[in-house]
Amino acid sequence: MKERRQDPFRVQQEPRLGNRLMRALVVSSGAALLIAGLIFDGFVYLSLRGAMVEDLTMQARIAADNTSAAVLFDDPLAAAQTLDALRASRAILHADLHDANGRVIARYGTPEEHAPLDAAAPISNESGHTVAGDRIYVTQLVQEAGRTVGSLHIVATLGPLYRRVAIHVAMTVFATGVAFAFAFVLAIRIRRDIDATEARLDYLAYYDAVTGLLNRRAANQQIQRLIDTMGHHEGFALVLVDLDDFKTVNDTLGHACGDELLRKFAARLKHHMRPADVAFRLGGDEFLILAPRLSGHGPLQALGQAAQQALEAPIAVAGHEIRVRASMGIAQFPRDAVDAASLVRAADIAMYDAKSQGKNTFTVFHPDMERDARQRMRLDADLRLALERDELHLVYQPIIDLKQRRMVGVEALLRWRHPELGLVMPGEFIALAERSGIIVDIGQWVLHTACRQVKAWADSGHPGFYVAVNVSARQIRRGLRGQIDSALASSGADPRSLEIEITEHSMVEDIQSNVAQLALLSALGVGVAVDDFGTGLSSLAYLKRLPINKLKIDRTFVKDVPSEGDDGAIALAIVSMSRSLGLTVVAEGVETEAQQDFFSRHGCDCAQGFLYSRPVEPEAIAELLQRHAAPGPVWPQPRQVARVPASSLESS
């Protein structure tokens, strides 16, 4: 199937910041230039008008002084000759010279304005000026020897002033246009940079930088859009994909290889999708697929199988062939939920159910799963109080030396006596404790309780007997040596009577740190065993680096022995490898004499299982230790376990 487009949907983007900045820049720069031009032109107009008024006032004063004798002696000819000197000013339209009684003695007018002083012109009895419309009216009193003998009235036009101001305005407009054009060009260049930045921000806002897929924000938007546009008459499906044990890849190969694996897995996922489907990366190792117009059990199963096809072939990363596994949950709208948040939650519940089935599978949501999820939430809340309420306790399952048929140790197994639900087995609450982090507190309680118990057995006359305790990856990361030191110090137990069991997955999460911690424990005398060996990332490359002294063969390779050839071959390979490394090997889950004989015959050191005893209370172990003190094998036949009190037996 060929590569196809990425995104048939259009993300809903916020209003563009670049557009708003561009408009703001253009408007602000234009407004600034316009206001500056208007202020400048106003200043020029007022300045020129003030200068013109001063000039007219000066001319009126000179003319008044020169015509005072003509007014006093009533000489119109001399007065007219004096007024004719006003012709030098192009702005003066006409002038009237009055005597003290207001009678016109002489009059001056330009060729353009022969009419006398119009009736609307303001007549003042005091020296000064008035501006009305496009005219300036100047009055100057004519005085002789300190006595007012008449008045001179001049009318001037503002036309020349307006022409000069118009020239200034034109120059201002031209300069403003040039400056605005420069600002616009600069804004265009800035806009290009902003567009590039916005494009990058859009990518970061809606796309995952590692895989190129749409991200969680886009997923929420697209789910809501499908709900709004399709309504309840058209269904669509949502697949939540969670890669199993992806952290191991990051820790062992590095984050660069982890990112490369995510990129290649994303490409593989898109390749197996329908053209209408869209893939998202929600973050970390979690992906989501939206499948529009899909409903019904059959199509949903086909969708899950198509997603699983992306996992069939290994992915080559940095010279390593990595086989990716994933747990997937499928939910459908509107059958499983009617809003986006509930739909994603339904898919998450289904995905969790897939993980509980052993991972590497898919599950279609069913309403019963939600009830189970609520039950898990209740257990999670109750588990936080279980330690305070003293609801946890330990039972112990014997570990038998196959050569002597005698008990050499026990494995401490955790049980929870819930006040309402009764006995809750570890498989129902350990995973919850791991996710919530309370597993560290529980693990410390188990260590202290087991150490006190093995010390009690030693004090009752059974030294050299050990108890094996499972520890979690979180406990190791918190500093296992300090926890064990505290448990040994508070109980007074011999370090050699304690053995810790770790899984392969917890070892490789931070192998360098784990090697250092386990080396300290070995130096202390505490035994270290690898539990459920063969089910994880078994490799001599890391196994030979760890300071361990025991391997425990997982029960999945024991249950079909000796009838199943493949399981027998794997079990024998583990025994052979353990002996070559100088390690003790224990077979878990031995339930028949045939299995016991098989492992005994092929050199397995110890065994553990229902053939010898179910997990029992400490009192039953004390009874077995008393039998252990007697000569001869403790378990010549399985039926002799019937001596253990039936009330002390618990289901494993």
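Reader: Is S327 buried or exposed?

Author: Buried means under 20% relative accessible area, exposed means over 50%, and partly exposed lies in between (1.4 Å probe, protein chains only). S327 has a relative accessible area of 0%, so S327 is buried. This is a predicted model: local features need pLDDT of at least 70, side-chain atom pairs count only at pLDDT 80 or more, and totals for chains, interfaces and linings use all residues. Residues are numbered from 1 along each chain as its sequence is written, and side-chain values use heavy atoms, with hydrogens and water left out.

Reader: In which strand is S327?

Author: Helices (H or I, at least four residues) and strands (E, at least two) are DSSP runs, numbered from the N terminus. S327 sits in strand β11, residues 326-333.

Reader: Which side chain makes a polar contact with the side chain of S327?

Author: A polar contact is a pair of N or O atoms within 3.5 Å; within protein, one must be able to donate a hydrogen and the other to accept it, and residues adjacent in sequence count only if both atoms are side-chain atoms. Here the partner is the side chain of D244, at 2.9 Å.

Reader: What else is S327 in contact with?

Author: Contact means heavy atoms within 4.5 Å. Leave aside neighbours within four places in sequence; the contacts of S327 then include L240, V241, M351 and K355.

Reader: Where is A529 found, and what does A529 touch?

Author: Look in strand β18, residues 527-533. A529 is at 0% relative accessibility, so A529 counts as buried. Not counting residues up to four places away in sequence, A529 touches E499, I500, E501, I502 and K550.

Reader: At what angle do helix α4 and helix α8 pack?

Author: Axes are lines fitted to C-alpha atoms, for helices over the stretch in contact, and angles run from 0 to 180 degrees between N-to-C directions. Helix α4 (residues 216-230) and helix α8 (residues 340-356) pack at about 115°, with axes 9 Å apart. The contact is made by I223, Q224 and I227 of α4 with A340, L343 and V344 of α8.

Reader: How many disulfides are there?

Author: A disulfide is a covalent bond between the sulfur atoms of two cysteines. The rule asks for a pair of cysteine sulfur atoms within 2.5 Å. By this rule the count is 0.
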